[in-house]
Amino acid sequence: MKIVCLDAATLGDYDLSVFEQLGSLQIYTTTDKEQVIERLKDADVAMINKVIIDKDVMDACRNLKLILETATGVNNIDLAYAKEKGIIVKNAVGYSTMSVVQHTFALLFAFLNQIVYYDKWSKEGKWCDSPIFADFSRVLNTLSGKKHGIIGLGTIGKEVARISKSFGAEIYYYSTSGANKNADFIHLELEDLLKTCDIISIHAPLNEKTKDLLTFEELKLLKANAILINVGRGGIINENDLAKIIDEKNIRVGLDVLEFEPMVKNHPLLSIKNKENLIITPHIAWASKEALNALMDMVYDNLKEWIENGK
């Protein structure tokens, strides 16, 4: 059995050699669209993350029997055609919940505690020149007593809500699907949530209901000094409008996801004036070592189950 991993670079430093126990393993760091068919032409199993497997690929790769998605989302695979061809698709779910939750609070506390500002301030030698032991040039805030609005009350959103509540925050939520209801927290429509909350964090998928959910009209509803965090999916916030509002209104924004990744050159967010009010991380909220190990354990088990049971 031949197993081909097409984008090992998306798995960090994980040692894929464990998969050699189950078959012949071919590893590619990255794979361009034009290389997919050539690299999968003799493969029984494709291991992918972002590589697109469409009708043309499946028609050309006649040995292909299983697609292992090293992520939860499978929008890069033509699922209907895979089913028609008898190709099984297996993904991984729930491996990164606590990793994403932790990153949400890392971004949040960086703003509440002015971490970025004071790190720079201290390293510039300004603490050396201070007449007192502390500094009050920036206002610090506690999470306790703040109104925290959750957009997307799925598994991650609920965990963020639970932890934020333990810090003393009041929890509000807006369900993007309309399906998630929770009596423990206060439901608000989107406009009211944006107007009401001091903190808004996004934990929703990208779909027809959430694409451009927050444009300039919605963003201008945010309170002064509000903190907006997106660890869900890029495209939920209109990034051109976000760049504009950051320079017009005193809001603070933490992003781990963008509409197009990697970040495009000359992105409007790179040109904002209020750079102190923006933190961007490169889609790493999910990527703790622990989450990555859990993910690949699931992928390994998916392959083993297919070998043993054909499903």
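**Cysteines, cores and surface of the predicted chain**

No disulfides were counted in this structure, which is a predicted model. For C5 the reason is distance: its sulfur lies 15 Å from the closest cysteine sulfur, that of C61, which is too far for a bond, since a disulfide requires sulfur atoms within 2.5 Å. C5 is buried, at 1% relative accessible area. C197 is buried as well, with a relative accessible area of 0%.

The protein chain contains 10 helices and 12 strands. Along the principal axes, its C-alpha atoms occupy a box of roughly 70 × 45 × 35 Å. Of the 311 residues in the chain, 47% are buried. Among contacts between residues at least 6 apart in sequence, 62% connect residues at least 24 apart. The accessible surface of the chain amounts to about 15,900 Å², and carbon and sulfur atoms account for 52% of this area.

In soluble globular proteins, nonpolar side chains tend to be buried together. The largest nonpolar core in the model comprises 48 residues, and the members touching the most others are L16, F19, L295, M296 and L303. Two or more residues are contributed by each of the strands β1 (2-5), β3 (45-48), β4 (66-69), β7 (170-174) and β10 (227-230), and by each of the helices α4 (97-112), α6 (155-166) and α10 (289-309). Helix α4 provides the largest share, eight residues. When neighbours within four places in sequence are set aside, F19 contacts I3, Y14, L25, M47, M296, V299, Y300 and L303. Another core lies apart from this one; it has 31 residues, including I151, L242, I246 and I272.

N238 is located in the loop between β10 and α9 (239-248). N238 has a relative accessible area of 17% and is classed as buried because this value is under 20%. Beyond its neighbours within four places in sequence, N238 is in contact with D212, L214 and T215.

F136 is situated in the loop between α5 (115-123) and β6 (147-151). Its relative accessibility is 69%, so F136 counts as exposed, the cut-off being over 50%. Together with I132 and F133, F136 forms a nonpolar patch on the surface, and the accessible area of these three residues together is about 430 Å².

Notes
Residues numbered from 1 in each chain as written. Predicted model: local features only at pLDDT ≥ 70, side-chain atom pairs only at ≥ 80, totals over all residues. Heavy atoms only, no water. Core = buried A, V, L, I, M, F, W, Y, C linked by side-chain atoms within 4.5 Å. Buried < 20%, exposed > 50% of the residue type's maximum accessible area, 1.4 Å probe, protein only. Helix = DSSP H or I, 4+ residues; strand = E, 2+ residues; numbered from the N terminus. Contact = heavy atoms within 4.5 Å. Patch = residues over 30% accessible without salt bridge, like charges linked within 9 Å, V, L, I, M, F, W, Y side chains within 5 Å. Areas by Shrake-Rupley, 256 points an atom, 1.4 Å probe, with all protein chains shown as cover. Salt bridge = Lys/Arg side-chain N within 4 Å of Asp/Glu carboxyl O.
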